[in-house]
Amino acid sequence: MSRYAMLVIGSGPSGRRAAVQSAKLGKSVLVVDKGRRLGGVSVHTGTIPSKTLRETVLNLSGWRERGFYGRGYRVKQDIAVGDLIQRLQKTLDHEVEVLQHQFMRNAVKHQRAAASFLSANSVALLADSGERSEVEFDHALISVGTKPHRPATIPFDRKRVFDSDEMLELERLPRTLTVIGGGVIGVEYATIFSALDVPVTLVEPRQSILDFVDREIIDDFIHQLRDRGMVMRFGSGVREVLSKPDHAEVILADGRVIRSEMVLYAAGRSGNVEGLGLEAIGVEADVRGRIKVDPHTLQTSVPNIYAAGDIIGFPSLASTSMEQGRVAACHAFGVPLPPAPETFPYGIYAVPEISTVGQSEEEVRASGIAYECGVARFRETSRGHIMGVDSGFLKLIFSLETRRLLGAHIVGEGATELIHIGQAVINLQGTVDFFVENTFNYPTLAEAYKIAGLDAWNRMGYAALRAAE
Ligand SMILES: Cc1cc2nc3c(=O)[nH]c(=O)nc-3n(C[C@H](O)[C@H](O)[C@H](O)COP(=O)(O)OP(=O)(O)OC[C@H]3O[C@@H](n4cnc5c(N)ncnc54)[C@H](O)[C@@H]3O)c2cc1C
Ligand SMILES: NC(=O)c1ccc[n+]([C@@H]2O[C@H](COP(=O)([O-])OP(=O)(O)OC[C@H]3O[C@@H](n4cnc5c(N)ncnc54)[C@H](O)[C@@H]3O)[C@@H](O)[C@H]2O)c1
């Protein structure tokens, strides 16, 4: 029977990073994934496909040029599903190729099979052909990810009612779309289809959406969506979803009925724990199939078995999953790790983009810290003018006492890239002075940091700053 220093179950972002990190430390590694191709949810049904779809939609629709040429502007008239899928396929093929090459260069072995624990040092591997084998390991990483939550009461049929995986297999674009669930997935898809001028209704049982983001950013975001005709139904749950021959109906708990050609149900995800044989190692999962780990080491209750990525729950991002995989592998092989930075950025690839790092204004206020905000509107930057950007803004929050940057929040073009300046300043404990004293390239959208820093500095008052020194 073969034996490996590290067995990785699942080849998504956390598994991939753990595998390469282990190999870099000179360890023997086997990655098993039951999927047809390497890459996990991130490459095949999640991050990369949805972001490629978004990019294609923005390019073909001429979205970024509409600020100049008006809302009727289109690069391509009559955009069809084929136009979107073509680019998707090329991007996914490229991602898989890069991953396979990375594994090859680092002598990481991989095998297509479903893994199931037999003990704390062995798994059974079941291939599609029905062939069964067994493998032993010193350490294992459970990085099996999640799948869309599909309640039995929702009539998923790939014709009228879809989950987020199935949205990538649409045969044609919907004439009208209802999206159930105002989480990140629901909001991203709702706004992507809305950018294609598909009339979209977004349903969310809570009173608002994305409540982990600074309120001012979300208020502006919602205003932009309503302004372009998206309908939002907040504050009422879904009583029933019906798939009819020529349309779908979503009946809300308050009695309202929403008719549309298609429905996307995007109300959360659940962990892939079935068949994993967790009982053989005495590890338990919660009702949503999530596994508990030590947040610093990523060990499960069995010390040589780690878990990382979406299977351990929040924040369930490809970005954080990768880092968790690396940390797990380092811990397994005794590489000392400094404490993780306090903050990480969150990028929401809606149209428009949102990105956020550090504390929201609501969190700062609740913590009782005296603070001041600085704001820069993209339309007030020269780069914004040049690009025809007529919306979006950056908000920075500073402590009045220490002058340190506590949070950076952006809605608008380039938000997910621009946020890293805020992330660096927060994690390096920078203050408002960084923005005031440094010169930024001009004309850039990044200059918004300078403008927001100056705005805060003006409000904070020269006298207060001197007093704090
Ligand atoms: C629509 C969508 C958009 C997203 N967009 C973003 C984004 O823009 N940015 C971002 O940071 N994150 C995004 N995410 C989240 C991101 O995709 C996940 O956080 C990430 O994929 C989780 O990685 P993971 O390591 O848990 O593994 P996953 O990518 O979930 O992969 C798990 C793998 O394990 C395999 N597996 C499962 N069970 C077994 C078994 N028993 N044996 C063998 N193999 C098994 C599966 O086949 C799969 O290949 C998005 C998610 C979705 C759904
Ligand atoms: N850009 C990104 O980083 C990105 C993009 C997509 C997904 N993701 C990750 O994927 C994970 C899953 O995303 P998600 O949006 O599916 O889940 P989620 O849990 O973030 O959001 C689900 C939403 O559906 C609502 N909801 C729950 N039950 C409902 C019901 N019965 N009817 C109607 N609405 C209901 C919830 O109130 C919530 O707003 C997230 O944790 C996210 O981090 C990240």
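Which residues of the largest nonpolar core touch the most other members?

## The largest nonpolar core

In this predicted model, the residues in question are Val 179, Ile 180, Tyr 189, Val 263, Leu 264, Ile 354 and Leu 396, within a core of 76 residues. A nonpolar core is a set of buried Ala, Val, Leu, Ile, Met, Phe, Trp, Tyr and Cys residues joined through C-beta atoms within 7 Å; buried means that 20 or more other C-beta atoms, placed from the backbone, lie within 10 Å of a residue's own. Helix α6 contributes the largest share of this core, eight residues. A separate core has 45 residues, including Ala 113, Val 135, Val 273 and Ile 305.

In soluble globular proteins, nonpolar side chains tend to be buried together.

## The surroundings of ligand 2

Ligand 2 is surrounded by 24 residues (C-beta atom, placed from the backbone, within 6 Å of the ligand), and the closest are Gly 181, Gly 183, Ile 185, Ala 267 and Ser 316. Helix α6 (184-195) gives the most to this shell, with four residues, while β10 (200-204) and β18 (346-348) each supply at least two. Helices (H or I, at least four residues) and strands (E, at least two) are DSSP runs, numbered from the N terminus.

## The annotated domain

An unreviewed UniProt entry annotates residues 6-325 as the domain "FAD/NAD(P)-binding"; such annotations may be inferred rather than shown by experiment, and their positions follow the numbering used here, with feature names shortened. This span is 29% helix and 24% strand, and its end C-alpha atoms lie 12 Å apart.

## Conventions

Residues are numbered from 1 along each chain as its sequence is written, while chains are lettered from A and ligands numbered from 1 in the order in which they are written. Because the model is predicted, local features need pLDDT of at least 70 and side-chain atom pairs count only at pLDDT 80 or more, whereas totals for chains, interfaces and linings use all residues.

How values were computed
A residue is buried if 20 or more other C-beta atoms lie within 10 Å of its own, exposed if 12 or fewer, and partly exposed in between; C-beta atoms are placed from the backbone.
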